[in-house]
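Here is a short report on one protein chain. Please look through the sequence and the model before reading on.

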Amino acid sequence: FASNRSVTLKRLSNLAANMSYYQTIEGVSCDKAIIEACTKACEGQGDGRVSLQDAETVFAKIKDAGTVTKAEVWTLRYCLLEYKFTESASDWITAQVKALTHWDGEKFAQETGGSSYYEKVDGKDCDHGIIEACRKAVAGAGDGRVSVADAKVVLDEALDGGKVTDIEKWTLRLCLSEFNWTEAAHDYLIEELKSAGVSLKRKPAAAKEKPAKKVKVVDQTPAKVKSIVDALQIAAKDESISAATVSMVSGMTEHALPVFKEERHAFQTQVLEMAQALMAKAEAVLESNVASSESTVAGADAEKAKREATVLETAAALTASSEDTKAKTTAKDELVKAHKASIEALKEAKAAQITGDADAVALEKAKSHLEGAGLAAMKEGSLSKKQQTTLIKELTTAGVEQSLISCLHLPASKKPDARESFEVVVLQHLEQAYDAKLAEMNSKLAEAGPAREARAAAVTAAASADEAAKASAEAGMETLKLAKEAESAAKAAAIDAKSKAGSLESEIAAAAKTLEKAKSAHKSFLEGPKASFEELLHRTAPAPAPEA
């Protein structure tokens, strides 16, 4: 059904566009469009009669559809009785209907000798007495039409039982379309029938007993059709069926299903084939609901064992996760402690370096100051008082003999070519003392070098160890974080497992109720909508009840 759905939808859309709706009148399905056309014709301009032009228009619409069905022919006969036609319209439509009538009066007379009460015309049983009265009327003196006097005989024949039965009504409609009537006779018959009221009874003779009132029989077809249309909606729960398809088929089924099987158009038969497929889908949905609920109830013990096993598994996993978190916490604490120790070790190494290198650092500073004191400048020229003061200070700090320092001003105050021999000797002794002092400082710095390098190496090693300890501590904290997250997830899983194990009993109870409802719905579907659908799908027109 689903694989051909697009083709089916297109076909149903085309059928729906041309679909004529039917209404059942006194046991016969009639074309609603023809009835509405006649009603409209009588409501238009004129004297309230169906004119020849109106009759031709209605009949043209019927012929345009191709085949004229028995239902359409009987609808025309209904309209001839229900509405007033002009004489020309009546003659014309009567001629058209005659050409479509399937009966043979002579054959009927030969086969039955004219003694049978019913005569079949276009698939319907008709009152033979009424038909014979009309035959005699057109066969006698006159112009071959049923006159008012003849119409009275026909009416008496129809009212011979004190009422007009459905068969008699349809026989009158047949005669109005099969025989030519004068306009006055046509109107007389219609007005007399209408004046008799709903039951169309004539006033009974005093000596006759009033016929017993028939018990009203309620037609259950509309209620059955409604239950079927409602049931079709279940098919929409199947993923392969669209709601649009269900809606379309339901709408057309509502009009096609009440029609008797032998009177259905081809497209009505196709619509009901679609409806039958949807009913099968609906039944499959209900059966699936039953099977699903049965599976849940039947698997209760297995599900219980499964959930209990899950409780044990999640509890064990939580225990293992908690132990892992504890181990990770201990490891993290050790790593953090080691990092703190590495920080202290680095501090100690740096402090030892500063202390151990203090003398050498001071010596390097003194040497730097001595080298920049300006003695070399004095060899090239005289020094200012400020320069002399600075040089004296640095030489004193370096430990140069004070006697030489006290004579520094003598060569420093003069230019080289103005200096006397004593002043030159003083300068030479100062240079010798200066060089000796620098050599002494270099020697001491060289002796302190290895120890300084060792202390620097110790600081470098401590710094590297600290970086490594820091990285390990951070890794330990990240590992602990993941362990805690895993423990939290394990705890949640254990709680969920316990909750599900505890709710199983109520779930199974609910599933049992769901199963009971699903079975009830399936049973109701089979005994109600499905049975009604099959009944109406194959229903044929009932045989006419024998007249009293």
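Helices (H or I, at least four residues) and strands (E, at least two) are DSSP runs, numbered from the N terminus. Lys-437 has its place in helix α20, residues 421-537. This is a predicted model, in which local features need pLDDT of at least 70, side-chain atom pairs count only at pLDDT 80 or more, and totals for chains, interfaces and linings use all residues. Residues are numbered from 1 along each chain as its sequence is written, and side-chain values use heavy atoms, with hydrogens and water left out.

**The chain overall**

The chain has 20 helices and four strands. Of its 548 residues, 36% are buried. Here buried means under 20% relative accessible area, exposed means over 50%, and partly exposed lies in between (1.4 Å probe, protein chains only). Contact means heavy atoms within 4.5 Å. Among contacts between residues at least 6 apart in sequence, 77% join residues at least 24 apart.

Is Lys-437 buried or exposed? Lys-437 is buried, because its relative accessible area is 17%. A polar atom of the Lys-437 side chain lies 2.8 Å from the backbone oxygen of Ala-398. A polar contact is a pair of N or O atoms within 3.5 Å; within protein, one must be able to donate a hydrogen and the other to accept it, and residues adjacent in sequence count only if both atoms are side-chain atoms. Leaving aside neighbours within four places in sequence, Lys-437 is in contact with Leu-370, Ala-398, Gly-399 and Val-400.

Ile-508 also has its place in helix α20. With neighbours within four places in sequence left aside, Ile-508 is in contact with Thr-296 and Ala-300.

**Nonpolar cores**

A nonpolar core is a set of buried Ala, Val, Leu, Ile, Met, Phe, Trp, Tyr and Cys residues joined through side-chain atoms within 4.5 Å. The largest has 49 residues, and those with the most contacts inside it are Leu-76, Cys-79, Tyr-83, Phe-85 and Trp-181. Helix α4 (residues 70-82) gives the most to this core, with six residues. A second, separate core of 26 residues includes Val-246, Ala-256, Met-279 and Ala-282.

Which residues does Leu-76 touch, not counting those up to four places away in sequence? They are Ile-34, Val-58, Phe-59, Ile-62, Ile-93 and Val-97.

**Helix α8 and its cover**

Helix α8 spans residues 148-158, and its Ala-151, Val-154, Leu-155 and Ala-158 are buried. Seen down the axis of α8, these buried residues fall within an arc of 100 degrees, so they line one face of the helix. The arc is that of the directions from the helix axis to the C-beta atoms. An α-helix has 3.6 residues a turn, so residues three or four places apart point the same way. What covers the buried residues of α8 includes α7 (128-139), α9 (166-178) and α10 (183-195).

α8 and α10 pack at an angle of about 35 degrees, with their axes 8 Å apart. Axes are lines fitted to C-alpha atoms, for helices over the stretch in contact, and angles run from 0 to 180 degrees between N-to-C directions. From α8, the contact is made by Val-148, Ala-151, Lys-152 and Leu-155; from α10, by Ala-184, Ala-185, Tyr-188, Leu-189, Glu-192 and Leu-193.

**Other sites**

Glu-183 is found in helix α10. Glu-183 is partly exposed, with a relative accessible area of 25%. Not counting residues up to four places away in sequence, Glu-183 touches Arg-49, Phe-85 and Glu-87.

Gly-48 sits in the loop between α2 (32-43) and α3 (52-64). Gly-48 is partly exposed, at 28% relative accessible area. Beyond neighbours within four places in sequence, Gly-48 is in contact with Cys-42 and Lys-84.

Thr-57 has its place in helix α3. At 39% relative accessibility, Thr-57 counts as partly exposed.

Gln-388 belongs to helix α17, residues 385-398. Gln-388 is buried, with a relative accessible area of 7%. Residues up to four places away in sequence aside, Gln-388 touches Leu-383, Leu-408, His-409, Ala-412 and Ser-413.

The table lists C-alpha pairs.

| Pair | Apart in sequence | C-alpha to C-alpha |
|---|---|---|
| Ile-508 and Glu-303 | 205 residues | 9.8 Å |
| Glu-183 and Val-148 | 35 residues | 8.9 Å |
| Gly-48 and Thr-86 | 38 residues | 9.5 Å |
| Thr-57 and Ala-37 | 20 residues | 8.9 Å |
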